[in-house]
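Here are some notes for a colleague who is opening this structure for the first time. Please read them with the sequence and the model side by side.

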Amino acid sequence: MTGMPNAMFNQRLDQLPAYPFPRLAALLEGLEPGKTPLVMSIGEPQHEPPAMITEAMVKYASLWHKYPPGNGTPELRSAIKGWLDRRYNLPSGMIDRDAHILPVAGTREALYLIATCVIPQDQPGPKPKVLLPNPFYQVYCGAAVLNDAEMVPLAAGPETGFMPDLDQIDIETLKACRLFFLCSPANPQGAVASRDYLERIIAMAQEHDFVLAMDECYADIYDREAPVGALEICAAQGGRMDNVVVFHSLSKRSSAPGLRSGFVAGDPVIIKRFNALRSYCSATIPMPIMAASAELWADDAHASENRDLYRAKIDVAQEIFGNRFGFYRPPGGFFLWLDVGDDEAATKKIWVEAGVKVIPGSYLSITDADGNNPGKRFIRIALVHDLETTREGLRRIADALS
């Protein structure tokens, strides 16, 4: 259908920035790759998924004819609780599988919908604010804009350890804040929030009554030390989870992005309201996939093997880049965040000379009120392929940049 008047659409859609990957396609349009194309722009894990996924699908194939429960099966929630308890050394009674855990069909839709759940609508006064790191996962932006909130990007560059500087948030912004997105390990920089940092931001959320949405989807992919999590901090403070929800997924942990399986956990009041919202608008996880997911959350061995594969690729990256282009070993995740001066020019050069597709950092960031875009100097490289393919791609990139 063409020629439809704008009045027939949600006008807030026009406020959304262009999504990174169509924008990248437009940047490279008409440019021929100098070598066999290799895509290192998308964080899509290419490691072999655990065999238990296929085995569970076959074992539980008879369940395809059942409508799955929106809040997941008891078995899945129990497996998730077990993983949370092990991973973050939580007291056995802190997490209740029924009150504190909500399985979701991938965290993408959950991160978006949490804003619909917790941002007040049609209230007098200034717009509610949504705070988010800059650069950021683009869904955070959509969640803010489409819920008619004011998006407040907080620069997260090398000068702040790639985490938002909490000291730079003024009191009026905190008073108006209803939702704060934070990603640790961070996408794209791989930074990890410290224990002190998380203690402080959780205290801020509870003092100023906003929801802290902790995107921890890369929690099981780390270089040396397991990243601390928000629920771990809550446990140390007596188990109080007020205003805190965490998001986890099997996409990265288990190299299974196509499974579309994750969960939200935390404040039981928010979880209850979130479940009510999702009953009206969200896809539920099919029963065989829930069965496979339960087995994946119950098994740590495959996650450890997966982590070793990524660590080996970081070793290769360090060997190839050394101290050039601002290279550092990311404490978490599987991205490189290289300082190349001009992100779009470098992206085109790498494509034309090396045949490798990366993504400009400014496409993962937003230009702030002062005209600054903290991603402008950087490119993101996803280390998702096997070791030798990754080695070849990084060598090509280094040669092109040199």
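1. A term is needed at the outset: a residue counts as buried under 20% relative accessible area, as exposed over 50%, and as partly exposed in between. By this scale R260, at 35% relative accessibility, is partly exposed, whereas D209, with a relative accessible area of 51%, is exposed. Please keep in mind throughout that this is a predicted model.

2. As to the chain overall, 14 helices and 12 strands are found in it. Its radius of gyration is 21 Å, close to the 21 Å that the globule rule gives for 402 residues, so the chain is as compact as a globular protein of that length. The C-alpha trace spans about 55 × 55 × 55 Å along its principal axes, and 56% of the 402 residues count as buried.

3. Which strands make up the open sheet, and in what order? There are 7 of them, arranged as β2-β8-β7-β6-β5-β3-β4 with mixed pairing. The edges are taken by β2 (101-104) and β4 (150-155), each of which has a single partner strand, so one side of each is left without a neighbour in the sheet. On average, neighbouring strands of this sheet are turned by 20 degrees against each other, direction ignored.

4. Helix α3 (residues 74-88) lies across β2, β7 (244-249) and β8, at about 110 degrees to β2, while helix α10 (residues 268-281) lies across β2, β6 (211-215), β7 and β8, at about 35 degrees to β2.

5. Most residues other than glycine have a negative phi, and most peptide bonds are trans. Another cis peptide bond joins S184 and P185, with omega about -5 degrees; P185 belongs to the loop between β5 (177-183) and α7 (195-208).

6. Positive phi values also call for attention. D209, although not a glycine, has a phi of about 60 degrees and is placed in the loop between α7 and β6. R260, also not a glycine, has a positive phi of about 50 degrees and lies in the loop between α9 (250-253) and β8.

Terms used. Residues numbered from 1 in each chain as written. Predicted model: local features only at pLDDT ≥ 70, side-chain atom pairs only at ≥ 80, totals over all residues. Heavy atoms only, no water. Pairing = 2+ DSSP bridges. Helix = DSSP H or I, 4+ residues; strand = E, 2+ residues; numbered from the N terminus. Axes fitted to C-alpha atoms, helices over the stretch in contact; angles between N-to-C directions. Contact = heavy atoms within 4.5 Å. Rg over C-alpha atoms; globule rule 2.2 N^0.38 Å. Buried < 20%, exposed > 50% of the residue type's maximum accessible area, 1.4 Å probe, protein only.
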